Amino acid sequence: MRPLAALQAAAALAVGIRLARGRTRLPALTPVETTTARISVVIPARDEERRIGPCLSAVLADPAVTEVIVVDDESGDGTARLAAELGAKVVSGAPLPRGWVGKQWALRQGVEAADGDVVVTLDADTRPAPGLFGAVAAALDRYDLVTVGPRFVCDGAAEQALHASFLATLVYRFGPIGPSTPPAPHRVVANGQCMAFRRTAMLAADGFARIRGYTTDDVALARALTVDGWAVGFLDAGGLLEVDMHESVAEVWREWGRSLPLRDVTGLRWQAADLAVVWLTTALPVLRLAAGRPTRLDLALLAVRLLVTGALRGSYTRPGPGVLLSPLLDPLTAARLTQATFRPVRTWRGRTYPPLRADADLAVTADARPVIATGTRRPAVTTDSCRPAVTADTDPTVTTDTDPTVTTDTDPTVTTDADPTVTADTDPTVTTGARPAPSGRSTPPDRSAAR
């Protein structure tokens, strides 16, 4: 067997194992209208005047929500004014400290300002349905951090086709959403568009300070907390949450293509392995078919890709022909992921962030597992009076040192899955329950005390 054919066969086997795990995935969240939890919703916002209205209207109308906080991250438009007019509590964000990415800084301030025992963070482009907040609060009986996957809103067939092609790369790298078996820490993924946790536990962990310099903030947070012993659940909430992420094909190409490689939370070996999987199992079969020289394995992979395409229709509010045409764009998607891996962009909304410092970057151990150097941790927080003080020039000494591998940033149809190309990939010490925190790490939250 030729080397390329052998590599393609190995990549196909890895994808097959990942996709097969979808047969035992966890059921989707269902609406929970009533809850005893006091829920604070925190929405970080920078220049979101055009998009935040539908999100705020839906959140403010949900009786399960105790308070809605919008952290205005130095917006240059009318974001703060609109949020206040609609009835949200507006927190004017302090100037961005050195070494912080804007979203983490805004979220940290929002969590500190919250009064609820449960905090749900939302992006401004989300559209929650009734019952979402009760559902994620109820899921905190089983998990310490809950992150969910939505359904996507796309305008036009071309935007949907490109979006679905990018989405397929996440499924091929990590499998379907809602895995029944927790993945190894270095394969944990999360979706920062919607996350839920207990406020005192997050303040004790000081999670957002630990991942303050990462542009792939959601995955960095989930992995750091998983290593600490937190149980992280990535659940399907497609029936309860919609997201209108992008306004054009160009924005999908620029923004989602920029973040999906997860470069700042991925070690070099996993970057190479995941790019190889995408090229060998999605792009190469399409290119060979176009050239009129597909192999039998190419045809089999194309058939699998069509099956995945059918499954991805459920990830869209209005699935159209764009989803069905998405496999044709797989070579372009692979090229975009490769470009973003080798030439990462750390610019967003008028801010350019410097590369992570050497002591805050991801380190890869010999077996490609993450060793997150968490530094000094705060003692466990048990009351609201223990909020850490945050000032504009705060630069916490806590850093997250590592994470050696690929992860997915945001995709709802994606899930956190151990990588089948590596034997003994799943970490047996990671379970859905909390385990004792290793020395120097934050203590996992006690879920029984909050019920």
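User: What should I keep in mind about numbering and confidence?

Analyst: Residues are numbered from 1 along each chain as its sequence is written, and side-chain values use heavy atoms, with hydrogens and water left out. Because the model is predicted, local features need pLDDT of at least 70 and side-chain atom pairs count only at pLDDT 80 or more, whereas totals for chains, interfaces and linings use all residues.

User: How is a pair of packed helices described, and at what angle do α2 and α3 pack?

Analyst: Two packed helices are described by the angle between their axes and the distance between the axes. Helices (H or I, at least four residues) and strands (E, at least two) are DSSP runs, numbered from the N terminus; axes are lines fitted to C-alpha atoms, for helices over the stretch in contact, and angles run from 0 to 180 degrees between N-to-C directions. Here α2 (residues 52-60) and α3 (residues 79-86) have axes 10 Å apart and pack at about 25 degrees, and are therefore roughly parallel to each other (angles under 35 degrees count as roughly parallel, over 145 as roughly antiparallel, 65 to 115 as roughly perpendicular and the rest as oblique).

User: Which residues make the contact of α2 with α3?

Analyst: Ile52, Gly53, Leu56 and Leu60 of α2 make the contact with Thr79, Leu82, Ala83 and Leu86 of α3, where contact means heavy atoms within 4.5 Å. By class, this contact has six nonpolar, two polar and no charged residues (Ala, Val, Leu, Ile, Met, Phe, Trp, Tyr, Cys and Pro count as nonpolar, Asp, Glu, Lys and Arg as charged, and the others, Gly among them, as polar).

User: At what angle do α11 and α14 cross?

Analyst: The axes of α11 (residues 268-291) and α14 (residues 330-342) come within 8 Å and cross at roughly 155 degrees, which makes α11 roughly antiparallel to α14. The contact of α11 with α14 has 11 nonpolar, four polar and one charged residues.

User: How is empty space found, and how much of it lies in the largest pocket?

Analyst: Rolling a probe the size of a water molecule over the atoms shows where empty space is left. A pocket is an open set of points on a 1 Å grid over the protein atoms alone, where a 1.4 Å probe fits, with protein on both sides within 12 Å along at least five of seven lines, and lining residues have an atom within 4 Å of a point. In this model the largest pocket holds about 920 Å³ of space, and of its 40 lining residues Arg51, Asp123, Arg258, Trp348 and Arg349 are the closest to its centre.

User: Which element gives the most to that lining, and how do the lining residues divide?

Analyst: Helix α10 gives the most, with six residues, and the lining divides into nine nonpolar, nine polar and 22 charged residues.

Conventions. Grid points are joined across faces, edges and corners, and a volume is the space filled by probe spheres set on the points.
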